[in-house]
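Reader: Could you walk me through this model, one question at a time?

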Amino acid sequence: ELVVEGKSGRAAAKDILVGEVWFCSGQSNMEWTVDGADDADRAKSIAAKMPIRSYKAPHATANKPADRVPGAWRTASAETVGGFTAVGWWFGTALARAFDLEVPIGLVDISWGGTRIEPWIPLDAMAKSDFKQTADELAARIAAFDADPASGGKAPGTQPHEPAAIYNAMMAPWIAYPVRGAIWYQGESNSGEPDNYRKLLPLLIRSWREKSGNTDMAWGVVQLAAFQPFVENEPAQGGWARLRESQFRGARDAGNAGMVSATDLGDAGDIHPRRKREVGERLAAWARNTVYGEASVAWQGPELTSAARQNGSMVRVRFAHAKGLRATGPTPGGFALVGADGKFVWAKATIMDDGRDGIVLTAPGVAAPVEVAYAWQNNPERANIVNGAGLPMIPFRAKAAAAGK
């Protein structure tokens, strides 16, 4: 019970908790509910034991920052948890267990399926960035409408795809709430613009930190899962592979942010893969290690550190976070090499000495490899390399340097 007394009287509120609160934001894969994902029965069987509460913001847009947004906290139970964000729920469950169920977890679910990243970014932040022209043009349209509302049409800046529209209505009222961090699962709707996304993701992260006054707000990003049919004759595509790279690099650029890969958790025929528990648990591992100081908790998959040619036709690739490097299938897969002709060819991979010396690659017909790729497809079905913690290798495409460089 929280009691406040002053000259004007006394006010009391009951059932108040103090704990760890996280924003859960993005598009449909964050908004996807426990009932729509795998392990729903499991979630309902443990819900009442978990000190978790969730708030869900209704979809809304505005062209100026709002002060309030409707909604209420829900206590986790078998009856309510089905409507919680599935990724957020399993993230919160893993954290609650790490704290021996003694610390309440709050999930602030502010998400909207199908949305781009731009409407989540404050307009003034965009105006001070490489996207200044876009922001200025929208600001001018908003000002013109405000000056003459009778000009007709819906107010400019309130469409769900427009910059700041969702931030203003759904996020601005919450931004000063004292959260520990944010988890973010979005990118499908920007998949055709990887170069812009590389800039927009760190802009989003930094803008929320600035608006909140919480410069240490941690940020966990989910790399897009596998999707679309596997294409055997295209070992290296663009598309989602490039967007995943932008997510990885963009999170790095922002600082105090981490990215977890979900390339192994996708569904070729469904943009909404149902394996949300693993995604939430990987995000929780990131938070436990980097935010809560549990250094023994592994959260990073193998990450390329070097690629060098050896003996003419071979390429040796080495990795960080690669202890216990192994393939989950009968043979290591997902790698491709390219020579001077520019054509990528599937490569044979040999894991050397349990991963301590990396992986050696060769490809038929590629006598002098100049570049190497791994999981560089919309649906990298062949990719099957994990470390000892079972975490998937981060997709990459890189130049193959001459030996010794």
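This is a predicted model: local features need pLDDT of at least 70, side-chain atom pairs count only at pLDDT 80 or more; totals for chains, interfaces and linings use all residues.

Reader: Where is N256, and what is its phi?

Author: N256 sits in the loop between α8 (239–254) and β9 (257–260); helices (H or I, at least four residues) and strands (E, at least two) are DSSP runs, numbered from the N terminus. N256 is a residue other than glycine, yet its phi is positive, near 50°.

Reader: Is A375 buried or exposed?

Author: A375 lies in the loop between β17 and β18. Although A375 is not a glycine, its phi is positive, about 55°. Its relative accessibility is 2%, so A375 counts as buried.

Reader: How many helices and strands does the chain have, and what is its radius of gyration?

Author: The chain has nine helices and 19 strands. The radius of gyration is taken over C-alpha atoms, and the globule rule is 2.2 Å times the number of residues to the power 0.38. For 405 residues that rule gives 22 Å, and the chain is close to this, so it is as compact as a globular protein of that length: its radius of gyration is 23 Å.

Reader: What share of the contacts joins residues 24 or more positions apart?

Author: Contact means heavy atoms within 4.5 Å. Taking the contacts in the chain with a separation of 6 or more, residues 24 or more positions apart account for 75%.

Reader: Which residues touch the most other members of the largest nonpolar core, and which helix gives the most to it?

Author: A nonpolar core is a set of buried Ala, Val, Leu, Ile, Met, Phe, Trp, Tyr and Cys residues joined through side-chain atoms within 4.5 Å. The largest one has 92 residues, and those touching the most other members are W89, W208 and W219. The helix that gives the most to this core, with eight residues, is α3 (residues 86–98).

Reader: How many residues are in the second, separate core?

Author: Among the members of this second core are I359, A363, V366 and Y374. In soluble globular proteins, nonpolar side chains tend to be buried together. The second core has 22 residues.

Reader: Which residues is T93 in contact with, leaving aside neighbours within four places in sequence?

Author: T93 has its place in helix α3. With a relative accessible area of 1%, T93 is buried. Leaving aside neighbours within four places in sequence, its contacts are I46, M50 and I52.

Reader: What does V370 touch, not counting residues up to four places away in sequence?

Author: V370 is in the loop between β16 (359–362) and β17, and at 34% relative accessibility it counts as partly exposed. Not counting residues up to four places away in sequence, V370 touches R309, V338, G339, K399 and A400.

Reader: How far apart are the C-alpha atoms of E381 and F227?

Author: E381 is found in the loop between β17 (371–374) and β18 (385–386), and at 55% relative accessibility it counts as exposed. E381 and F227 are 154 residues apart along the chain, and their C-alpha atoms are separated by 9.5 Å.

How values were computed
Residues are numbered from 1 along each chain as its sequence is written. Side-chain values use heavy atoms; hydrogens and water are left out. Buried means under 20% relative accessible area, exposed over 50%, partly exposed in between (1.4 Å probe, protein chains only).
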